[in-house]
Amino acid sequence: MERMQVAGVTIRDVWRAQKRIGSIVSKTPLLFSQHLSDRLEANVYLKLENMQPTGAFKLRGAANKILSLTKDEKDKGVATFSTGNHGIAVAHVAKAANIPATVCISRRVPQEKVKKLKRLGAHVEIVGDNQDDAEQYCYELENQSGVTVIKPFDDPEVIAGQGTIALELLEECPEIDQAVIPLSGGGLLAGISLALKSTDATINITGVSMEKGAVMHESLKHGRPIVLKESDTLADSLLGGLGPDNRYTFSMVKQLMDKSVLVSENSIAKGIMFMLEYHKMAIEGAAGAGIGWLLGEESSKYKNIVLVISGNNVDHDTIRSLTGKY
Ligand SMILES: *Cc1c(COP(=O)(O)O)cnc(C)c1O
């Protein structure tokens, strides 16, 4: 029998990742949602990645990548230009593994975020006026000092790290027949679906993006990675491009995803407020998108549905602005 391998990543890489990241990453709970289950007449479970120590699943990929570096690479340190969940994850892992970490950011990044990264022990380099300047500087640093830039999604070790979510899902819910996964760069979806489909190729993989700026969705329609204008969205963690030379996630998502759905800001808001109301948890828009989509469905042909609740990086003001309206 042939083994499943997409863009060079296999289920064995995912098992390796699970072994490697165990001391840094939490095994997160799988919560049965009675209310969603009743609505859809199916069993709906929520994979609570919002309960990772950093508040998002990105810890898995960052940990797997950083811990897979050679001793020499670790000594030289790691760098990133993300200030969101990936940046926080890189800083957290580097601190835990005693590796120097640099986060390159632009002058426009709010002080609050800068403080958070510094508290995690990262060295913060403030350069330029926008995200592109910070990114460019980060790669200059790589050329000059030999630090390793940890990419947020387009890296086999990062993808395999995110895939460890699927191993936990299969352990707790072997009957899973649909996974609903937030989608941006595609590292999360690629890793999880590689592991699920290696186990049972009939498991349905549904990717969820916001209506405006769904870069993977539009790129798949065009047959190649494209650049989209960014608009304001509640699902800010789903913003960002696929990169000019995407090597892994575009082709993996193309091959592994069965269905791609877009959700409105209104639905995302409903998803966030649903979690607050029924499960008493504050989650961010990227994570609420999947719930928002499911709440809009009348019924489901699947029996055991898992939604990945990808993160909780939401501020009080956002929650306050939605309270009472949804
Ligand atoms: C990064 C992120 C995503 C999307 O993950 P990709 O691997 O880029 O598709 C979804 N939700 C949250 C909370 C994230 O931080």
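**Exercise 1: Around the ligand**

A polar side-chain atom of S310 and a nitrogen atom of the ligand are 2.7 Å apart. The protein covers 97% of the 380 Å² of accessible area that the ligand has on its own. Keep in mind that this is a predicted model.

Solution: 

**Exercise 2: Placing P152**

Task: Is P152 buried, partly exposed or exposed? Where is P152, and which residues is it in contact with, leaving aside neighbours within four places in sequence?

Solution: 
- Step 1. Locate P152 in the loop between strand 8 (148-149) and helix 8 (156-172).
- Step 2. Compare its accessibility with the cut-offs: buried means under 20% and exposed means over 50%. P152 has 22% relative accessibility, so it counts as partly exposed.
- Step 3. List the contacts of P152 beyond four places in sequence: K58, H86, V158 and Q162.
- Step 4. Check the distance to G185, which is 33 residues away along the chain; the C-alpha atoms of P152 and G185 are separated by 8.1 Å.

**Exercise 3: Helix 8**

Task: Why can helix 8 be called largely enclosed, and what caps its N-terminal end?

Solution: 
- Step 1. Take the length: helix 8 has 17 residues and reaches 25 Å from its first C-alpha to its last, close to the 24 Å expected at 1.5 Å a residue.
- Step 2. Count the buried residues. Because 13 of the 17 are buried, helix 8 is largely enclosed by the rest of the structure.
- Step 3. Inspect the N-terminal end, which D155 caps: a side-chain oxygen of D155 lies 2.8 Å from the backbone nitrogen of E157.

**Exercise 4: Helix 10**

Task: Which residues of helix 10 are buried, and what covers them?

Solution: 
- Step 1. Within helix 10 (residues 215-222), V215, M216, H217, E218 and S219 are buried.
- Step 2. Their cover includes helix 11 (249-256) and strand 11 (259-263).
- Step 3. Finish just after helix 10, where G223 takes a positive phi of about 80 degrees.

Technical notes
Residues numbered from 1 in each chain as written. Predicted model: local features only at pLDDT ≥ 70, side-chain atom pairs only at ≥ 80, totals over all residues. Heavy atoms only, no water. Polar contact = N/O pair within 3.5 Å; in protein donor to acceptor, adjacent residues only side chain to side chain. Areas by Shrake-Rupley, 256 points an atom, 1.4 Å probe, with all protein chains shown as cover. Helix = DSSP H or I, 4+ residues; strand = E, 2+ residues; numbered from the N terminus. Buried < 20%, exposed > 50% of the residue type's maximum accessible area, 1.4 Å probe, protein only. Contact = heavy atoms within 4.5 Å. Expected span 1.5 Å × (residues − 1).
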